[in-house]
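Subject: Handing over the two-chain model

Hi there,

Here is the structure I promised to pass on to you. Please have a look at it first, and then read my notes below.

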Amino acid sequence: MSRSVDLRTLRRRALASATAALMAAGMAAHADAPAMLGKLGRAATPAEVKAWNIDVRADFKGLPPGSGSVARGQEVWEARCENCHGTFGESNEVFFPMVGGTTAADIKSGHVAGLLDPNAPARTTLMKLAQLSTLWDYINRAMPWNQPKSLATDDVYAVTAYILNLGNIVPADFVLSDKNMAEVQGRLPNRNGMTREHGMWDVNGKPDVQGSACMNQCASAVAITSRLPEYARNAHGDIALQNRMIGGVRGAETALPAPSTFVALAARQAPPASGVAPAQSEGLKLAQSHACLACHGIGNKIVGPALLDIHKKYAAQPKADAVRLLIVRIKSGGTGLWGNTPMPAQDHVPDVEVRTLADWIATGKFQ
Amino acid sequence: MSRLPTRPGRLQKAPEFFLTRDAMTLSRDDRRSFLRRAFVAAGGAAGALALPKAFAADGDAGDPAILTLPAHSKGLGQPVAARPYGLPSKHEDNLQRRESPGLTRVSAASVSFAPLQGLFGIITPNGLHFERHHQGWWDIDPAQHRLMIHGLVKEAKVYTMDDLMRMPSVSRMHFIECGANTGMEWGNVAVPTVQYTHGMLSCCEFTGVPLKWLLDDCGADVKTGRYVLAEGADGSGMTRTINMANALDDVLVAWAMNGEMLRPENGYPLRLVVPGVQGVSWVKYLRRIKVGDQPFATKDETVHYVDMMPDGQHRQYTSIQEVKSVITSPSGGQILVDRGFFNVTGIAWSGRGKIRRVDVSVDGGKNWKAARLETPILDKCLTRFNLDWTWDGGDAILMSRATDSTGQVQPSIGALRKVRGTRSIYHNNAIQSWLVSPNGEVGNVQIG
């Protein structure tokens with residue numbers, strides 16, 4: 001009895017609040033200049049604007065005064081950039097190559113001819129770069145990869161100069177500065193390689209490709225021109241484990257060859273009891289979240305040694321010792337044990353997580 | 001306290017009221033007497049409970065899932081708040097966002113794809129929203145986060161999250177699609193399932209404040225200042241130029257998705273929402289808006305997110321995600337459970353407006369039928385479509401083709417290649433084809 005009274009009250013309240021919400025929505029739709037204008041937020045101080053106003057535009061507005069030589073750039077490059085980008089900016093290991101594919105003729109024309117070669121292995125940064133400001137701005141705001149915004153202004157000029165020198169755009173004795181950036185812009189191999197003549201910036205722009213609205217007898221024959229090769233059947237893992245286990249479809253069992261004939265689900269063998277991929281260990285999660293795997297593959301060397309190789313190296317001693325040693329190696333980084341490529345100190349990783357990672361590597365079960 | 005019961009022994013309704021110790025005791029006594037009554041009443045039914053067992057022993061009597069009561073029908077379930085933040089059923093673990101092996105080399109500068117093959121309707125659950133990070137993601141302390149607006153404005157201003165969240169907010173449903181979605185398929189079929197062909201796509205209800213209000217608040221010069229730069233607070237200092245026309249139209253500075261705060265992977269505590277425009281412009285961890293009289297030629301506007309044309313020129317500042325659709329089920333990598341009736345279902349969207357119609361072909365594009373569009377049909381938002389289909393056990397090629405409110409019709413891959421070649425990477429809005437083979441498997445194919 002009292003229950004039904006409560007329900008009625010609830011319904012009445014819900015109705016009242018829904019009506020209020022509708023009224024509020026109606027009013028908001030007409031509020032073009034809301035009453036909050038001028039009442040929230042505060043003026044930014046000049047120092048605050050200066051601290052964040054770091055962008056450099058194509059016309060070099062925003063470029064701070066400074067300079068750096070190709071020679072200094074090489075020093076910075078070898079210490080801070082080479083790990084990922086290769087000694088000559090050519091590496092394709094971690095990121096796309098930066099340098100290569102441009103010619104003296106391109107520097108003259110401002111169009112990179114190599115872009116027309118459909119068999120070119122990759123489009124390097126210098127093949128695409130149309131604005132020098134972009135290179136400077138990006139190094140300044142985002143590099144090095146794991147310590148962005150840590151380069152001194154002069155070193156940003158120096159590294160930019162070094163990359164340009166690797167591309168034969170400036171000579172080896174060149175000093176790049178805010179005074180001559182515009183001049184060097186005139187030598188960029190792909191400076192004339194961009195167009196804004198398209199309908200895809202403005203929402204009212206005109207599309208360049210229109211489909212057909214044909215409804216019936218639109219084609220006399222249907223030819224399949226591309227499909228996945230059989231060897232790629234399982235390249236994305238077992239698709240059966242990437243689909244719901246209920247409904248009108250299942251994922252195909254790509255770990256097995258394709259069935260030769262159709263068998264309705266009711267007659268198929270029961271799916272694995274738990275159709276679920278194994279859970280990730282805490283160590284793997286941390287190795288992913290701290291980007292350890294960017295440089296260390298589990299079974300393969302990338303920039304640093306494979307985790308499996310590190311595990312093997314430390315497996316000879318008692319596990320507690322191995323963990324202690326690995327903690328030190330992770331926290332302080334270093335060079336020499338595995339070659340000359342230095343590993344940066346990972347002192348920003350909390351101690352408890354370093355310990356988990358060290359234990360994970362020492363245990364050697366990389367799941 | 002005034003809401004406490006005055007009549008002793010009355011059954012209390014949890015959890016709306018706090019109970020005093022006395023009230024609890026009284027309530028417990030009352031429950032005891034209730035249980036005693038229930039026990040007596042159940043006595044007469046004891047014989048009936050044994051019946052299903054007798055039927056289950058006979059194989060022809062029916063489905064054991066019906067005839068044998070399962071544990072969950074015969075036991076006590078989990079209490080409320082056993083999971084203070086709810087999780088999907090353990091039976092749904094297969095539906096996860098995933099990386100495409102070999103696509104990127106560094107997982108902090110990578111993408112994970114949303115499992116479109118298993119999603120319903122038009123809203124992407126927050127935990128399955130696709131991810132694209134350029135330099136890793138962060139879980140930023142919102143109390144320390146600031147938004148600065150400066151450049152061609154009367155007064156450069158700083159807003160805290162408190163400031164922004166005190167403002168009158170709006171909530172809008174929009175899709176977000178990476179400009180490189182379906183980019184692996186420009187030259188040929190490269191990946192097996194809709195998760196990898198189209199999964200850099202999600203759709204949420206976003207809540208925030210229109211950027212226009214903030215620009216007004218700072219006195220932006222929107223005549224000379226035809227562009228805004230949006231910049232993120234993450235290591236990559238993600239930056240993109242937004243047209244002032246967009247900024248004044250429907251761009252939001254948003255802190256919420258699908259009713260809760262943004263997820264860290266999606267820009268917590270603040271991101272830009274640029275309806276209809278590729279995801280890279282929806283800058284996450286938004287810290288700065290600068291009004292300027294020229295576009296800003298950022299890294300992701302001159303080196304990446306530039307679309308190469310057959311003549312070697314790159315299109316710069318391509319932004320609009322043009323009309324597109326895809327059948328999500330049955331789709332690549334799936335196998336049909338039986339012959340007979342199926343609901344062919346999928347999603348359609350356009351960065352230029354609403355979806356007006358979707359046509360579906362089951363014969364490789366020879367003939368088309370109009371699909372049913374489900375509501376709501378919103379501007380720059382996913383629209384769900386469905387079509388009845390009977391699989392007779394033979395070859396079938398399923399395709400969908402969307403038309404938007406501007407009249408643009410989704411093109412074939414062949415039509416796109418004729419104009420843009422095969423090395424554009426970005427903005428592939430081609431019609432997707434799924435081949436259903438007689439063995440029941442569905443594969444990703446392209447039609448000449």
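Let me begin with chain A, which has 12 helices and six strands. Helices (H or I, at least four residues) and strands (E, at least two) are DSSP runs, numbered from the N terminus. Please keep in mind that this is a predicted model, in which local features need pLDDT of at least 70, side-chain atom pairs count only at pLDDT 80 or more, and totals for chains, interfaces and linings use all residues. Residues are numbered from 1 along each chain as its sequence is written, while chains are lettered from A and ligands numbered from 1 in the order in which they are written.

**Chain A**

Of the 367 residues in chain A, 32% are buried. A residue is called buried if 20 or more other C-beta atoms lie within 10 Å of its own, exposed if 12 or fewer, and partly exposed in between, with C-beta atoms placed from the backbone. Among contacts in chain A between residues at least 6 apart in sequence, 59% join residues at least 24 apart. Contact here means that the C-beta atoms of two residues, placed from the backbone, lie within 7 Å.

One residue to look up is A:Lys39, in the loop between helix H1 (2-30) and strand S1 (42-43) of chain A. A:Lys39 is exposed, because its count of other C-beta atoms within 10 Å is 11. From A:Lys39 to A:Val354, 315 residues along the chain, the C-alpha atoms are separated by 47 Å.

**Where the chains meet**

Between the chains, 109 residues of chain B are in contact with 92 residues of chain A. On the chain B side, strand S24 (residues 442-447) gives the most, with five residues. That side divides into 41 nonpolar, 46 polar and 22 charged residues. For these classes, Ala, Val, Leu, Ile, Met, Phe, Trp, Tyr, Cys and Pro count as nonpolar, Asp, Glu, Lys and Arg as charged, and the others, Gly among them, as polar.

Strands also pair across the two chains, where pairing requires that DSSP finds at least two bridges between them. S24(B) runs antiparallel to strand S5 (residues 224-227) of chain A, joined by three bridges. In this pair, A:Arg227 stands opposite B:Val445.

S4(A) pairs in the parallel sense with strand S14 (residues 314-315) of chain B, over two bridges. There, A:Thr195 stands opposite B:Arg315.

**Chain B and its domains**

Chain B is divided into domain 1 (96-311) and domain 2 (324-445), with bounds that come from an automatic or database domain assignment. The centres of the two domains, taken over C-alpha atoms, are separated by 26 Å. Their contact takes 31 residues from domain 1 and 29 residues from domain 2. Strand S5 (170-177), helix H7 (194-198) and strand S13 (307-308) of chain B are the elements that give two or more residues to the domain 1 side. By class, that side has 18 nonpolar, 11 polar and two charged residues.

**Cores and two buried residues**

A nonpolar core is a set of buried Ala, Val, Leu, Ile, Met, Phe, Trp, Tyr and Cys residues joined through C-beta atoms within 7 Å. The largest has 118 residues, of which B:Val228, B:Val253 and B:Leu272 touch the most other members. Both domains of chain B give residues to this core, so it lies between them. Apart from it lies another core, of 38 residues, including A:Val70 and A:Trp145.

B:Lys284 lies in the loop between strand S11 (271-273) and strand S12 (286-292) of chain B. B:Lys284 counts as buried because it has 27 C-beta neighbours inside 10 Å. Beyond four places in sequence, the residues that B:Lys284 touches include B:Asp234 and B:Arg271.

B:Tyr227, in strand S7 (residues 227-232) of chain B, is buried too, with 21 other C-beta atoms within 10 Å. B:Tyr227 and B:Pro295 are 68 residues apart in sequence, yet 6.0 Å apart in space, C-alpha to C-alpha.

Enjoy exploring, and write back with any questions.

Best wishes
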